Each structure stands twice: as structure tokens, then as C-alpha cells.
Amino acid sequence: MDGKLIVFEGVEGSGKTTQIERSRLWLLSKENHCKVPQIVVTREPGGTDLGKGLRGLLLESRGENICDRAELLLYAADRAQHVEAMLKPELAKGSIVLCDRFTDSTIAYQGYGRGLSLSLINQLNEIATVGLQSDLTFWLDLDVEVGLRRVKRRGVSDRIEQADLEFHRRVQQGFADLATANRDRIIRVDANRSEEEVSEEIHHIFTHKLKAWGYNC
């Protein structure tokens, strides 16, 4: 059986990292009655050795300002390497891959947020992914202001998190539009609730999907 690419998307502070780890532990636990193969956790940017360097440039840069087009191309380079060196090999082995951000983030952040051409972004995504799409995307839908307050409590903010409120509202609208246009792939999860409530819904969705994909449940 081919592997499955499960992506977690959302605005800053939406709880993606937390829910990915909770999902990983649940998939490995006895609570999950579906027998699953190897589980791999990764992220964009930064899922490969090359990507780690690009992540530093994109999120931690404190020197020269990165123009919007350069930012877009750096994300595309990270994704191309990630798909070729990590995602495709793991999926070929049958792994379930839990990925923190993928193509939808580029559309939401660089398209809606930065105002770059959506057709150009779609072209770059196609080049970078060679047509690879998520089998399932969880959109953790959280109020933007709540998410930014969570980020602020964590301490130092990265370059993207420091953008103004209107930027993050545009990003949120991007995710909303994507979810509406891709109901077969993107499932909205209300992330304004407790971690436990969000996890419970994600695990419920996972169970149905695993059965539909033919896993032994």
C-alpha cells in the first residue's frame, strides 16, 4: 500500500505542532485500532538538510530584508528538495507522513498575504511537487488575534509572525477560501477549543479515513 501524506495547516499559533505530536502518539497507541506502518513527522520549511538552511534564511533573518518574490522562490526550493529527498521516498515505503505545512501555506501566505500572483504560485507549486498533493489536510481554524497572542506568550517571534495583523487576516482568508474550494481534501477543525477537544475530532476523522484507505481497522 502506498503511503499517505497528511498535512496540518493554519495561521500562526493554531496548534499545528501540538496536534501533529498528539496524532503521532495516538496513531502508535492502542487507542488506534487501525494497524498503521511507519509514521514520519516533517515540516516545511526545514524538512531536509538543505531545508534547514533555507528555514533559517526565511524565518530567522535579521539582516537584509527578503523581497516577496525571493521569499516565494526560497519556499519553492525548500519544497522541491523536500518532495524529492524525503516525501516521495517515504510515501513509496508506505509511511504515513505527518507534515507541518505544505502547498496551501504558500498560497495563503505568499498569495493572499503578500499579494503575489496565485497563478504563478500554482505553477511553482506544481514544479516543486511534481504533482504531489496531500491525501488529507487538517485546517486548524483559529481566530487570528488568539493565535498571535499565543505566539507572543511563547517569547521571540520569527520574521513571518512579526507581520502586521492585516497580513495575518489575509492569510486566514486564504485558508478559508482553499478549504471551500477543496472540500474533498481539506477538513476544517475548530482550533479555538481545548487541545483535547481538537485532538479528539482529529482522531475521529483519522479513524474514518484510515478505514476508507483500506487499513486494517
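Guide: Keep in mind that this is a predicted model. We can begin with its largest nonpolar core, which has 43 residues.

Visitor: What makes this a nonpolar core, and which residues have the most contacts inside it?
Guide: A nonpolar core is a set of buried residues of the nonpolar kinds, joined through side-chain atoms within 4.5 Å. Here the residues with the most contacts inside the set are I6, L27, L98, F138, I202, F206 and L210. L210, for one, touches L27, N32, C34, V36, I96, Y215 and C217, leaving out residues up to four places away in sequence. There is also a second, separate core of 11 residues, which includes V7, V40, M86 and F102.

Visitor: How do you know that the length of α8 agrees with what a helix should span?
Guide: Helix α8 has 18 residues (195-212), and at 1.5 Å a residue these should span 26 Å; the end C-alpha atoms are 26 Å apart, so the two agree.

Visitor: Which residues of α8 are buried, and what covers them?
Guide: V198, S199, I202, H203, I205, F206 and L210 are the buried ones in α8. Their cover includes β1 (4-9), α1 (16-28), β3 (96-100), β4 and β5 (186-190). After α8 comes G214, with a positive phi near 95°.

Visitor: Why is R101 called buried?
Guide: Buried means under 20% relative accessible area. R101 has 12% relative accessibility, so R101 counts as buried. R101 sits in the loop between β3 and α4, and its phi is positive, about 80°, although R101 is not a glycine.

Visitor: And V130: buried or exposed, and why?
Guide: The cut-off for exposed is over 50%. V130 has 58% relative accessibility, and therefore counts as exposed. V130 belongs to the loop between α5 (118-129) and β4, and it too is a residue other than glycine with a positive phi, near 50°.

Visitor: What joins E44 and P45?
Guide: A cis peptide bond, with omega at about -10°. P45 is in the loop between β2 (39-43) and α2 (49-59).

Visitor: Which residues lie nearest the centre of the largest pocket?
Guide: E12, K16, T17, D100 and R154, out of 39 lining residues. The volume of the largest pocket is about 890 Å³. α1 gives the most to this lining, with five residues, and by class the lining has 13 nonpolar, 12 polar and 14 charged residues.

Visitor: What about the second largest pocket?
Guide: Its volume is about 190 Å³. Of the 13 residues lining the second largest pocket, T103, I107, N122, N125 and Q133 are the closest to its centre.

Visitor: Why is T103 called buried?
Guide: The cut-off is under 20%, and T103 has 13% relative accessibility, so T103 counts as buried. T103 lies in helix α4 (residues 103-113). Apart from neighbours within four places in sequence, T103 is in contact with E9, R79, N125 and T129.

Conventions. Residues numbered from 1 in each chain as written. Predicted model: local features only at pLDDT ≥ 70, side-chain atom pairs only at ≥ 80, totals over all residues. Heavy atoms only, no water. Buried < 20%, exposed > 50% of the residue type's maximum accessible area, 1.4 Å probe, protein only. Contact = heavy atoms within 4.5 Å. Helix = DSSP H or I, 4+ residues; strand = E, 2+ residues; numbered from the N terminus. Expected span 1.5 Å × (residues − 1). 1 Å grid on protein atoms, 1.4 Å probe; cavity = no way out; pocket = protein on both sides within 12 Å on 5 of 7 lines; lining within 4 Å. Points joined across faces, edges and corners; volume = space filled by probe spheres on them. Nonpolar A, V, L, I, M, F, W, Y, C, P; charged D, E, K, R; others polar.
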